[in-house]
Amino acid sequence: MKRIIKWLFVLVAGCLVLIVAVGLIVPKFIDVKKYKPLIEEKVAEATGRSFSLGDEIDVSIFPWVGVKLNDLHLGNPVGYGEKDMVSVKNFEVRLKVMPLLTKKIEVKTFVLDSPEIYLEKSANGTANWEGLGEKNDPKKGMETEAQKPASKSSSDKGLPISGLMVGNFSITNGRLIYVDEAANLKKEITDLDLNLGNISLENPVLVSFKAKVDGKPVSLEGSAGPIGTEPGKGSIALDFVLKALDVLEVNLKGNLIDVLTAQSFDLEVEIPSFSPRKLFAALDQDFPVQTNDPKVLDALAFKTRIKGSPSQVSLSMGEVLVDDSKLSFSASAKAFAKPDLKFDLHLDRIDLDQYLPTPRPEEKVSQEGQADVKGSGKDKAIAQEKKPTDYGPLRRLILDGKIKANKVKAHNAIVENIDVRIRAAKGIVTIDPLGLELYQGKVASKVELNVQKNNPVTKIRLDARGIQAGALMKDAMKKELIDGTLTAEADISMAGDAPDMIKQTLTGQGELMFADGAIIGIDLAGMVRNVTASFGTGEKSAEKPKTDFAELKIPFTAKSGLVNLAGTRLSSPLLRVLVNGTTDLGQEALDLRVEPKFVATLKGQGDTEERSGITVPVLITGSFNAPKIRPDLKGMIQGGLLDTKSLKQTLGTQADQKEKIESVKKDVEKQIKGLLPGFGN
């Protein structure tokens, strides 16, 4: 037995000596340069492209297996802008031999000096990297499923090595060019330097990357790992800082967990405050948003913690800072096929008017032009050809979201303490509550959208109290239409998703009530005086017309788009106004009668005469776009404003009658239109 062990020892020792001798002696006596043509031929055959090497070829075998080459060139196919697809000035790799016997890899050096890669996509869509390495093999792709080797999962394969150590891994002075002829696009990465340090399975790998993208600096610094002796199991720590264009910085820190099995992650992402405007300027790009205030979007910051796996993901401790506004958020998603979503947003304040684009004059003209042709046969045909909306995603959606905002300004209107809860399940989306405060009042609403069928059904319940209507309209609409404290209740429903269908199906009831206010733009008392003024027997007031009231109550009922306003009334100590009639939303038609009654003197309204019981009825008919507004002269006479004899005496001749009656009609119509903004335009 001892002799056998002795001879085995001698045999192994002899083999080691032989290996050492071969490693030291072979490179001295064998001229590897003579194999250069053969190497070039085999590489060209394998890639299908021309290939050439420089004259400097250095090969070592022991104790390091090493190759050092220079001036490598892999050619482009014919018809592309550059001769070479890949070129390398110098390449060197040295690998230790003995550790390979124990499945350990020890690399002394891996250096790629001045690599250049040229990628081009021609105008016809073909690319220079297509077909690389392919051969014309008629049997390729004909193997059956039974003939294909059974694949193993990544977790079954494991890592075929037990150890890894790399001394120097670097790519220096690299260059990458991408050209797309069809898109007239060219991108270039230059001055590329990549250095990896401390590469092993047991220690974090240090990463240092720097480059210029189209002349703009980009860098990545940090570490990853360790991978561990059982790669794919446990956590891999990441800690990186990305910097771009001397403007943007992104910090990423966290762990990849069981990357071959659970494939989960737990990461913290932070983008310190930067200027989006400066970022686009650094990219030589125009800023994509034209805002009312050119100083906004000059400070943006973001941070959150992201945890997830292939089946779910969550965001927590999220924060977005935009200029002076702060949004805190959390969110989660799972069952991605549905999906099942949750979110919670809290905004402290924002002035949306600063971010809205300023309408261009040509856009206003265009919008008016579109309004002019609204309802034309061509537009209706286009609407009929519109494809139906696919509500499948909404039917599958599961959602539970919360939105809160302390203060929001939009179109000059200020809304505070917004509280919204959105839920969705089985094709029903519910917004409850939908609460907010504005102009000393409160709004509480509930909205339900049912998309279980092809035509969605929407239900809205509204309860608003204590809103100062005058201030709201003045800020939001830049108009003074009505003043007073608004209370509103409404319970309505509608079907469809097209405006025409919604108007035709609107059904429900409600009531608007304004207390202690005034209608701005019409003076019903003045209308009585101005009848005689129009005939030359009185004087018109120079003051802005208005009608004060103690209460304006507008109840309504709606069925299939027909809105009945019966019972609408305005009350003041001296004045009563009754409104009866309907508005047809589907046909956009009006059929209203407005009848004021003066119950005492008009003192306080600029008149001292007793006018108890006088009525000045006004008829409003026609369409929304072109309403016909006229006083009911017959009603005026019957109401006692002027008797027939007095009217004839005031009007004079028949020729004068027509002219003066038209004057009265225009005067009344002008005031009534003040109550109907947008009509007749």
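The model is predicted: local features need pLDDT of at least 70 and side-chain atom pairs count only at pLDDT 80 or more, whereas totals for chains, interfaces and linings use all residues. Residues are numbered from 1 along each chain as its sequence is written, and side-chain values use heavy atoms, with hydrogens and water left out.

The side chain of Asp 348 meets that of Arg 349 in a salt bridge (3.3 Å, N to O); the term denotes a side-chain nitrogen of Lys or Arg within 4 Å of a carboxyl oxygen of Asp or Glu. Arg 349 has a relative accessible area of 43% and is therefore partly exposed.

## The surroundings of Lys 326

Both Asp 348 and Arg 349 are touched by Lys 326, as are Glu 319, Val 320, Leu 321, His 346 and Leu 347, when residues up to four places away in sequence are not counted. A contact here requires heavy atoms within 4.5 Å. Lys 326 is found in strand β16 (residues 325–334). Strands (E, at least two residues) and helices (H or I, at least four) are DSSP runs, numbered from the N terminus.

The relative accessibility of Lys 326 is 35%, so this residue counts as partly exposed. Its side chain makes a polar contact with the side chain of Glu 319 (3.5 Å). Such a contact is a pair of N or O atoms within 3.5 Å; within protein, one atom must be able to donate a hydrogen and the other to accept it, and residues adjacent in sequence count only if both atoms are side-chain atoms. The C-alpha atoms of Lys 326 and Ile 350 are separated by 8.3 Å, the two residues being 24 apart along the chain.

## Other salt bridges

The structure holds 21 salt bridges. Side chains of opposite charge can pair when their charged atoms come close. One of the pairs joins Asp 491 and Arg 461 (3.9 Å, N to O). Asp 491 lies in strand β23 (residues 482–495) and Arg 461 in strand β22 (residues 457–468), so this pair ties together parts that are 30 residues apart in sequence. Asp 491 is partly exposed at 40% relative accessibility, and Arg 461 is partly exposed at 49%.

The side chains of Glu 92 and Arg 94 also meet in a salt bridge (3.0 Å, N to O). Arg 94 counts as buried, at 16% relative accessibility.

## Helix α2

Helix α2 (residues 36–47) has 12 residues and, at 1.5 Å a residue, should span 16 Å; its end C-alpha atoms are 17 Å apart, which agrees. The expected span is 1.5 Å times one less than the number of residues.

Lys 36, Glu 40 and Thr 47 are buried in α2. They cover an arc of only 45° around the axis, which puts them on the same side of α2; the arc is that of the directions from the helix axis to the C-beta atoms. Just after α2, Gly 48 takes a positive phi of about 75°.

## The chain overall

The chain has 13 helices and 32 strands. Of its 681 residues, 31% are buried. Among contacts between residues at least 6 apart in sequence, 49% join residues at least 24 apart.

The accessible surface of the chain comes to about 41300 Å², of which 57% belongs to carbon and sulfur atoms. Accessible areas come from the Shrake-Rupley method with a 1.4 Å probe; for residues, only the protein chains shown count as cover.

How values were computed
Buried means under 20% relative accessible area, exposed over 50%, partly exposed in between (1.4 Å probe, protein chains only).
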